[in-house]
Amino acid sequence: MLLSDHRAYATIPASNLARAKAWYRDKLGLEPAEELPIGIVYRLGGGTGFQLYETQFAGTAQNTAMAFSSSDVAADMKMLRERGVKFEEYDFPGLKTENGLAKMGPYHGAWFKDSEGNILAIGDEPS
């Protein structure tokens, strides 16, 4: 049994599930598919999804926790900004954002934080 044959999903920590649920609804337009004792499940396009779960360790990771695939990053950024999402600015070797957008060869990406301090991204999906 190989894990490459299994589907995968992200698990995103939240120190306050009610606040996180409201943020994902109000900022990203997402509604829960299920609310379970283990957390809130979201189903997205292409059979993908993620789970929000409650923990005191939310927002402590300094890396991208989940990325949303986009066919038009600039248009999606505009829509998210209109909903109050603030994009992060980075200036690292090999990665610099301008007005929140990074160009990485043929790919584009942008990062933002959820209500719990988790780093999320939107970008072109590598082929």
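Visitor: Why is Phe112 called buried?

Guide: Buried means under 20% relative accessible area, exposed over 50%, and partly exposed in between, using a 1.4 Å probe and protein chains only. Phe112 has a relative accessible area of 1%, so Phe112 counts as buried. Keep in mind that this is a predicted model: local features need pLDDT of at least 70, side-chain atom pairs count only at pLDDT 80 or more, and totals for chains, interfaces and linings use all residues. Residues are numbered from 1 along each chain as its sequence is written, and side-chain values use heavy atoms, with hydrogens and water left out.

Visitor: What makes Phe87 and Phe112 an edge-to-face pair?

Guide: Rings of Phe, Tyr and Trp (its six-membered ring) pair if their centres lie within 6.5 Å; planes under 30 degrees apart count as stacked, over 60 as edge-to-face and the rest as tilted. The Phe87 and Phe112 centres are 5.6 Å apart with planes at 75°, so edge-to-face it is. Phe87 sits in the loop between helix H2 (73-82) and S6, and Phe112 in strand S9 (residues 107-113), 25 residues apart. Helices (H or I, at least four residues) and strands (E, at least two) are DSSP runs, numbered from the N terminus.

Visitor: And why is Phe87 called buried?

Guide: Its relative accessible area is 11%, so Phe87 falls under the 20% limit.

Visitor: Which residues do ring pairs link into a cluster?

Guide: Trp23, Tyr24, Tyr42, Phe50, Phe87 and Phe112. Tyr24 lies in helix H1 (residues 17-28).

Visitor: How do you know that Tyr24 is buried?

Guide: Tyr24 has a relative accessible area of 0%, so the buried label applies. Tyr24 also touches residues including Ile12, Leu52 and Leu120, not counting residues up to four places away in sequence. Contact here means heavy atoms within 4.5 Å.

Visitor: What makes S6 and S7 paired strands?

Guide: Two strands pair if DSSP finds at least two bridges between them. Two bridges join strand S6 (residues 91-92) to S7, and these strands run antiparallel. Phe92 has Leu95 as its bridge partner in S7. In the hairpin of S6 and S7, Gly94 takes a positive phi near 85°.
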